[in-house]
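Student: I have a structure open on my screen and I'd like to learn how to read it. Can you walk me through some features?

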Amino acid sequence: MALAELEPLNVDDEYRLLIGGDWVAPEAGTYEIVDPNTTQVIGHAPEASTSQVADAAAAAKAALPGWRDTPMAERCALLGRAADLIDERIGGLTGLLQGETGATINITEAVQLPACGDRFRQYEIPVDLDESMAPYPVEANPLGPGGLAGAHVIRQPVGVVACITSYNFPLVNVSGKVAPALAMGNTVVIKPAPQDPLAMIKVVEIIEEAGFPPGVVNIITGSGAAAGAALVGSPDVNMVSFTGSSAVGVKIMRAGAATMKRLLMELGGKGACVLTDDCNVDAAIGAIASVWGLHSGQICTAPTRVIVHRSRYDEVVDKLTAVAGMLKVGDALDRETIVGPVITELHRSRVEHFIASGVADGATLQCGGERPDLPGYFVAPTLLADCEPDMRVVTEEIFGPVVAVMPHDGDDHAVELANDSHYGLFSYVFADSPARAFEIGQRIESGNVGINSLAPHVHAPFGGFKMSGVGRDRGIFGLHAYSELQALSWVSS
């Protein structure tokens with residue numbers, strides 16, 4: 001066992017809320033943050049009152065005019081400064097982030113931490129998004145004299161953006177929302193997931209040091225739904241950017257309807273992974289195994305529904321079973337560990353319930369399903385074969401190290417099975433011919449489709465079809481997401 005050596009955490013460290021440029025004590029006390037790897041308390045997060053949530057939204061609204069009118073070049077320069085500071089200091093948050101998320105030390109260092117600064121750096125260079133429309137002649141009419149009609153289209157900030165994020169990749173999720181929102185001239189109120197907000201509070205301290213004016217960036221935290229609900233319901237909030245479950249996304253959409261809030265929602269997924277009869281099975285196996293090894297399946301883009309040609313079905317099931325047995329489940333600080341814990345005891349029970357329901361519905365438990373003899377919230381890598389399209393393990397997002405396998409009888413059947421889902425976030429196609437994979441991928445109802453690969457293009461639009469979300473972000477599409485189109489029109493004689 002090669003345990004990483006990290007600075008010990010002080011459970012008594014104080015964390016505060018940032019509201020209007022002031023770091024303030026929480027009015028509703030604190031709540032415990034538990035390490036999923038050890039089940040030990042590692043810190044106490046601030047519990048914001050609903051009045052403090054309202055104060056944060058009001059502070060963001062008050063700061064909006066000045067920030068909106070700041071030239072984009074200056075706004076982006078501050079984002080670059082923030083990226084520099086984050087890159088310099090993010091390593092000091094390794095122990096805290098690993099402890100509250102339960103991610104393995106390898107995932108923490110390779111995935112969780114570096115992407116935070118990267119997301120800010122993507123937006124350090126200003127982009128001209130304005131567009132002039134081609135002029136055209138118009139006849140005189142009751143609206144005015146004739147002449148040559150012209151228009152100039154610009155993008156305006158939406159206003160105050162509530163950035164509400166999930167627990168699996170807290171720093172990545174927040175920075176991916178905050179950076180483009182700020183670049184476009186919006187102000188933000190950050191609401192991290194209740195399970196792991198501490199490292200994000202520390203990152204906001206770093207962001208503030210970059211020189212953002214008071215009220216442009218605010219952060220509130222809370223253990224339950226009250227803080228998030230108050231933020232979504234605030235009349236001072238113009239847009240909600242949310243990453244999390246589809247069920248919560250539906251609640252946000254309903255709550256925001258009364259004030260017509262703009263929405264960007266990256267919700268649940270149930271990724272289909274189609275394997276054709278001529279695919280490179282070994283390459284596909286390596287990709288599918290990421291469900292188990294990448295944060296214990298707690299990732300919405302995971303290829304959890306494997307749809308394999310019947311002629312390769314037994315081969316794929318056998319190889320996946322063998323790979324699952326090779327993955328070390330253990331202490332998240334051990335650099336040899338591949339599969340760490342899930343986030344909470346409640347979530348572990350939920351994952352175990354799904355596995356049991358799959359077996360009860362007739363699926364074959366090839367491996368896993370048991371609770372490892374470890375102190376944390378661990379679930380063994382689980383493979384369910386002989387699955388049917390209507391089983392809950394196939395239709396519902398489990399968010400754990402569980403893979404369900406189904407056979408298909410050809411490309412048309414594979415597409416039918418892939419599309420037989422309420423979700424459509426990220427799917428995958430493995431075929432010997434990239435052209436064949438591309439053709440299949442275009443027919444899958446999914447916002448993103450990986451062709452013989454799980455690696456996404458970091459500047460491509462990201463978002464889902466159906467119950468997997470509303471809107472797109474990343475790259476220039478992130479700037480689009482956090483802006484409103486405004487047309488300035490005229491007729492010249």
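Student: Which residues have the most contacts inside the largest nonpolar core?

Tutor: A nonpolar core is a set of buried Ala, Val, Leu, Ile, Met, Phe, Trp, Tyr and Cys residues joined through side-chain atoms within 4.5 Å. Buried means under 20% relative accessible area, exposed means over 50%, and partly exposed is in between, with a 1.4 Å probe and protein chains only. Here the largest core has 56 residues, and those with the most contacts inside it are Phe120, Leu171, Leu182, Val188, Ile190, Val203 and Phe212. A second, separate core has 42 residues, including Val306 and Phe426.

Tutor: Keep in mind that this is a predicted model: local features need pLDDT of at least 70, side-chain atom pairs count only at pLDDT 80 or more, and totals for chains, interfaces and linings use all residues. Residues are numbered from 1 along each chain as its sequence is written, and side-chain values use heavy atoms, with hydrogens and water left out.

Student: What is Val188 in contact with?

Tutor: Contact means heavy atoms within 4.5 Å. Leaving aside neighbours within four places in sequence, Val188 has contacts that include Ala60, Val161, Leu182 and Val217.

Student: How do I read two packed helices?

Tutor: You describe them by the angle between their axes and the distance between the axes. Axes are lines fitted to C-alpha atoms, for helices over the stretch in contact, and angles run from 0 to 180 degrees between N-to-C directions. Helices (H or I, at least four residues) and strands (E, at least two) are DSSP runs, numbered from the N terminus. Take H3 (residues 94-101) and H7 (residues 198-209): their axes come within 8 Å and cross at roughly 145°. Leu96, Leu97 and Glu100 of H3 meet Leu198, Ala199 and Lys202 of H7.

Student: And sheets? What is the strand order in the open sheet of 7 strands?

Tutor: Strands of a sheet pair through backbone hydrogen bonds, either parallel or antiparallel. Two strands count as paired if DSSP finds at least two bridges between them. In this open sheet the order is S14-S15-S16-S13-S12-S18-S19, with mixed pairing. S14 (364-367) and S19 (448-451) are the edge strands, each pairing on one side only. S12 (residues 272-275) and S18 (residues 426-430) run parallel, joined by 3 bridges. One to find: Leu275 has Phe430 in S18 as its bridge partner.

Student: Last one: is His44 buried or partly exposed?

Tutor: His44 is partly exposed, at 25% relative accessible area. His44 sits in strand S4 (residues 41-46), and the residues it touches include Tyr15 and Leu198.
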